[in-house]
Amino acid sequence: MTPAARQSQHTPELREAARRSLGGGAPSRRRFLTVTGAAAALAFAVNLPTAGTAAAAELDPAQLTDDPFTLGVASGDPLPGSVLLWTRLAPAPYQPDGGLPAERVPVHWELARDENFRRTVRRGTAVAHPEFGHSVHVQADHLDTDRTFYYRFKAGTWISPTGRTRTAPAPGAESSALTLGVVSCQRYDQGYYTAYRHLAEDDVDVVLHLGDYLYEYAVSGVGGARAYPAGTVPAVYGHEMVTLDDYRMKYALYKSDPDLLAAHAAHPFVVTWDDHETENNYAASVSENNDPPEEFLIRRAAAYRAYWENQPLRRPQLPDGPDVRLYRRLHWGRLAQFDVLDTRQYRSDQAYGDGWQFPGPESEDPARTLTGDAQEQWLIDGWRRSRALWNVVPQQVTFSRRYNSTAVPSRVSMDSWDGYPASRERILAGAEDAGVENLMVLTGDVHVHYGFDVKRDFADPASRTLGTEIVTTSVSSGGNGSAQPSNWATFMTANPHLRFYNGLRGYATVTLGRDLARADFKTVPYVTTQGAPISTAASFVTEIGDQGLKPA
């Protein structure tokens, strides 16, 4: 069934309410959201409870005859005295309801200093509501700062796997170091998650996921490049995601992978999305195939709802219909400030029909934005107030200029910051005006490792280097890849600020210290079969007060 046909499964009343909310005028997401009738329709579309959830019957724990913790555990967004703990109950994960009736389930949780739970510091009971896909989000507060903890859940007689997490240092703490794992782009049917198995065993403090946690596309019964026996992947995955049930079940497929389960259990994650969690290269309310906005925003609401249900996100990130405040700020003492961006929800549509195009008046229009005005101002204001040594920007698409030819002019990607040069210029000017001296942009999306120097003026190689950009390759998207892609020489010549380029799969680690930061680009030689070893393809450092990547 095509995506358009699956969209027809939204009720006619829902589609009519959404259409009326646009009033027959030009598509406007803001207008859509401010109409009460449309908001009510979208609430219905994603099954939001309208009168609280206490009225739902409570499940008899004796009915939990199969393990409900098939999707594992996770934690996220560590704060100085708090961390978010997550699980989702799904004894039958490949069914729309996860194998549970529409009843609430009490879930007990505990958090301890040791993995044997002899020194428990917090415990409580949360409720897994059917309206939220029986997901559980526990905000564990009043914890010691800068400390490792272990956690687990219990439902009925079943006990979840144990997870390990940690809290951030106290505000103002002069932390000496922080090591980040940086990942993105994990298309299930294009390879195994071997990189996650290695990351689970790596010594990192926090993992940053920069988007494309899942892909909307159909998955065959053999799991694509994973080449399972026929029928291993249920037939229900043989179509593109459109509805809330579609997205929920696709998360269940991805999260059932043992290597991803291991990585989530080993480290706290800070997540942000890119496009494929909803639809390829969408821009605000504009879909890839120019579907009517009233249709696409219903799909987006479903995708955003499923994202929150399946990620270790706090309550402020709970969607309101097709709207989510995902961008947010985290701190690691005085060592680092993290400004986590959302470059999908508020962007102008890609210029010149998207793809790689020559820049021109449409892409260079100063009114165009990648972040939206509010997020842009929030970012710059945050830099002005920052007292951190490192200002880190985890985000989605390539920030630095990237020519694909040595000819001038060259084509650039209209989906990346190159397609929004005025927006990038405002960010660079804001960083310079705020006195940001040690800027680091962390990026995913493109399925390759890049290391860039962020120049104040990319047209002038001699201009000031404001910071660095570490682009992590994909976990699996794109298949095996190659260490030196066919365009390697062209890219390295055409972009003098590009210091490193590798096209294998893997992840990056970044260690922030008080004198320098070190980036290690880690790769696996293949992902279409299991068991690949991990190696470090290259390592670079950038020094406090002397920004720019240098071989380590």
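The model is predicted, so local features need pLDDT of at least 70 and side-chain atom pairs count only at pLDDT 80 or more, while totals for chains, interfaces and linings use all residues. Residues are numbered from 1 along each chain as its sequence is written, and side-chain values use heavy atoms, with hydrogens and water left out. Helices (H or I, at least four residues) and strands (E, at least two) are DSSP runs numbered from the N terminus.

**Helix pair α9 and α10**

- Helix α9 (residues 373–385) and helix α10 (residues 421–433) have axes that come within 9 Å and cross at roughly 15°; axes are lines fitted to C-alpha atoms, for helices over the stretch in contact, and angles run from 0 to 180 degrees between N-to-C directions.
- α9 and α10 are therefore roughly parallel to each other (angles under 35 degrees count as such).
- Glu-376, Leu-379, Ile-380 and Trp-383 of α9 make the contact with Ser-423, Arg-426, Ile-427, Gly-430 and Ala-431 of α10; contact means heavy atoms within 4.5 Å.
- By class, the residues of this α9–α10 contact are 5 nonpolar, 2 polar and 2 charged; Ala, Val, Leu, Ile, Met, Phe, Trp, Tyr, Cys and Pro count as nonpolar, Asp, Glu, Lys and Arg as charged, and the others, Gly among them, as polar.

**Helix pair α5 and α7**

- The axes of α5 and α7 are 8 Å apart, and the helices pack at an angle of about 25°.
- That angle makes α5 roughly parallel to α7.
- Thr-194, Tyr-196, Arg-197 and Ala-200 in α5 meet residues of α7 including Pro-258, Asp-259 and Leu-260.
- The α5–α7 contact residues divide into 7 nonpolar, 1 polar and 2 charged.

**Nonpolar cores**

- The largest nonpolar core has 50 residues, of which Tyr-188 and Tyr-196 touch the most other members; such a core is a set of buried Ala, Val, Leu, Ile, Met, Phe, Trp, Tyr and Cys residues joined through side-chain atoms within 4.5 Å.
- Elements that give two or more residues to this core include β2 (82–88), α5 (194–201) and α8 (293–309).
- A second, separate core of 30 residues includes Leu-389, Ala-517, Ala-519 and Leu-549.
- Beyond its neighbours within four places in sequence, Tyr-196 contacts, among others, Val-183, His-209, Phe-269 and Val-475.

**Phe-521**

- Phe-521 lies in strand β22 (residues 516–524).
- Phe-521 is buried, with a relative accessible area of 0% (buried means under 20% relative accessible area, with a 1.4 Å probe and protein chains only).
- Val-510 is 11 residues from Phe-521 in sequence and 8.9 Å away in space, C-alpha to C-alpha.

Methods. Parallel < 35°, antiparallel > 145°, perpendicular 65-115°, else oblique.
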